[in-house]
Amino acid sequence: MNSKVSIKYVEWRDGRPRFKPGKGLQLLGYKARDLKHPDGRWLTQGEAVDWSNNFQKMREAQDQIAAGKGTQVGIAAGAVVITPVKPKGTYPVSQLAEDWLANPRLKLKSPKTLKDYRQKIEVIGKHDPDLWASEVSSLDYQICYGLYEELLEERGVSTAKGAMGALGRAIKWAMKRGKVKIPVNPARDLDMETPDPRARFITPQEFNMLVWAAEKKVKRIDAADMLYCGVWTGQRQADRLDLMRSAIRNGRFIVRQEKTGAIINPPVAKPYLDRIQEGYRRRELANVKSEYVHLNENTWERWNHYTYRAIFSEIRYEAAKKLKSCATIMEKDLRATAVTWLALAGATIPEICAITGHSLKTATEILKHYLAIHPEMATTAIGKLVDWVDSGAPIDLAV
């Protein structure tokens, strides 16, 4: 028998089939067991497939039975047995997810953030439909930890942490609203693994190569302007593409960030301001008027996210032909690059946050991963200390 054959609800041990209920089925009272005939013979591979198909049909039939009514048909090794129905939950995990995603405070988040939360929590429904249909109050720490480990093994660190984090936040909200009455949140404090952070920022040489590729190879000076916008403002891509002309006044720009709602009002750096003004002149020559700072100059319309990302990929490809390290650059690295360049230039973390809109914690996390590989930061710090001492700063040598 092929021990690697994958059959739903069935696992193979030494070539022998065994019923393996998911966390949701365990909540309904199902337990793992060997799949044998009444006379003790193990099910063959084909019989195990038939058993799985019959079990799935039985589960579909159960879903149509009203909570607490009817009988439940169980199948064990091909034999039909009758077991009592465990009442379905009055507040299943699936309903919790919908209520949480629709709550007023969450609706204040950006559409992109809401979409991200939905994708994360729905991972649970796709992974274990039975748990998704189970009562929230029937969850416990062991079940949630088991679910996390299953997701960790099958979907990876990031997906597992994201899904269980969303479930934990949803249950916390439901507890505060009184929708579930449980003493502790079973999806919190799961000691989850943390994904390795992306430690990548663009060097000045790489940045210049990207700009060269944009202007000379891809022939998109408008995309090169967006590269400047990224490293000289440190804003997220969505906020950069949506940047309005009215946001720039008296040499500064004011932006309310879409994701966090943070308001920033830093000066516009001259290298970036020069690019903006050149873009406006090209627009005037084409007799185009627009309220946006940056336009797709092939259409003279506001940048479309998908079009911009496609052009960025083309720019990166061309740049990597000349400088191989450019192949690993991602568009989102422009924002982290702004943080790192500012730090290398001697800016403090609060000063950096005032420009990019990062939280103090996030900016610190970004910089933490560059300290060891970029000793220039330490060099800058020592230089500041030397300058401070040389300036005649008082030093108290009294014992």
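Modeller: Let us begin with a definition: a salt bridge is a side-chain nitrogen of Lys or Arg within 4 Å of a carboxyl oxygen of Asp or Glu. Please bear in mind that this is a predicted model.

Biologist: What makes the contact of R282 and D225 a salt bridge?

Modeller: The side chains of R282 and D225 meet with N to O at 2.9 Å. The cut-off is within 4 Å, so the pair qualifies as a salt bridge. R282 belongs to helix 12 (residues 270–285) and D225 to helix 10 (residues 221–233), so this contact ties together parts 57 residues apart in sequence.

Biologist: Are R282 and D225 buried or exposed?

Modeller: Both R282 and D225 are buried. That word stands for under 20% relative accessible area.

Biologist: How many salt bridges does the structure hold?

Modeller: The structure holds 16 salt bridges. Another of them joins R302 and D242, whose closest N and O atoms are 2.3 Å apart. R302 lies in strand 11 (residues 301–302), whereas D242 lies in the loop between helix 11 (237–241) and strand 6 (248–249), so parts 60 residues apart in sequence are tied together.

Biologist: Why are R302 and D242 called partly exposed?

Modeller: The term covers values between the limit for buried, under 20%, and the limit for exposed, over 50%. R302 has 32% relative accessibility, and therefore counts as partly exposed. D242, at 28%, is therefore partly exposed as well.

Biologist: Which residue forms a salt bridge with K270?

Modeller: The partner of K270 is D274, with the closest N and O atoms 2.9 Å apart. Both residues lie in helix 12, four residues apart, which is about one turn of the helix. K270 has a relative accessible area of 57% and is therefore exposed, the threshold being over 50%. D274 has 32% and is therefore partly exposed. Elsewhere, salt bridges that share partners join E215, D225, R275, R282 and E297 into one network.

Biologist: Let us turn to the strands. How do you know that strand 1 and strand 2 pair?

Modeller: Pairing requires at least two bridges. Four bridges join strand 1 (residues 10–13) to strand 2 (residues 16–19), so the two strands pair, and they run antiparallel. In this pairing, R13 has R16 of strand 2 as its bridge partner. The hairpin of these strands has two residues between them, and D14 there takes a positive phi near 55 degrees.

Biologist: How many bridges join strand 2 to strand 3?

Modeller: Two bridges join strand 2 to strand 3 (residues 33–34), and these strands run antiparallel. The requirement is at least two, so strand 2 and strand 3 also pair. Here R18 has D34 in strand 3 as its bridge partner.

Biologist: What is the order of the strands in the open sheet?

Modeller: The open sheet of three strands has the order 1-2-3, with antiparallel pairing. Strand 1 and strand 3 are its edge strands, as each pairs on one side only.

Biologist: Which residues form the positive surface patch?

Modeller: The positive patch is formed by R105, K109, R169, K172, K176 and R188. Helix 8 (residues 157–177) gives the largest share, three residues. K172 is found in helix 8.

Biologist: Why does K172 count as partly exposed?

Modeller: K172 has 40% relative accessibility, and therefore counts as partly exposed. A patch residue must have over 30% relative accessible area, so the value for K172 also passes that cut-off.

Biologist: What makes L96 buried?

Modeller: L96 has 0% relative accessibility. The limit is under 20%, so L96 counts as buried. L96 lies in helix 3 (residues 93–101). The C-alpha atoms of L96 and E135 are separated by 9.4 Å, while the two residues are 39 residues apart along the chain.

Biologist: Why is N250 called exposed?

Modeller: N250 has a relative accessible area of 81%, and the threshold is over 50%, so N250 is exposed. N250 is found in the loop between strand 6 and strand 7 (252–253). Its phi is near 55 degrees, a positive value in a residue other than glycine.

Biologist: Where does W300 lie?

Modeller: W300 lies in the loop between strand 10 (295–296) and strand 11. Phi of W300 is near 55 degrees, again positive in a residue other than glycine. At 24% relative accessibility, W300 therefore counts as partly exposed.

Terms used: Residues are numbered from 1 along each chain as its sequence is written. This is a predicted model: local features need pLDDT of at least 70, side-chain atom pairs count only at pLDDT 80 or more; totals for chains, interfaces and linings use all residues. Side-chain values use heavy atoms; hydrogens and water are left out. Patches are made of residues with over 30% relative accessible area and no salt bridge: like charges are joined within 9 Å, nonpolar side chains (Val, Leu, Ile, Met, Phe, Trp, Tyr) within 5 Å. Accessible areas come from the Shrake-Rupley method with a 1.4 Å probe; for residues, only the protein chains shown count as cover. Lys and Arg count as positive and Asp and Glu as negative; His and the chain ends are not counted. The place of a charge is taken as NZ of Lys, CZ of Arg, CG of Asp or CD of Glu. Buried means under 20% relative accessible area, exposed over 50%, partly exposed in between (1.4 Å probe, protein chains only).
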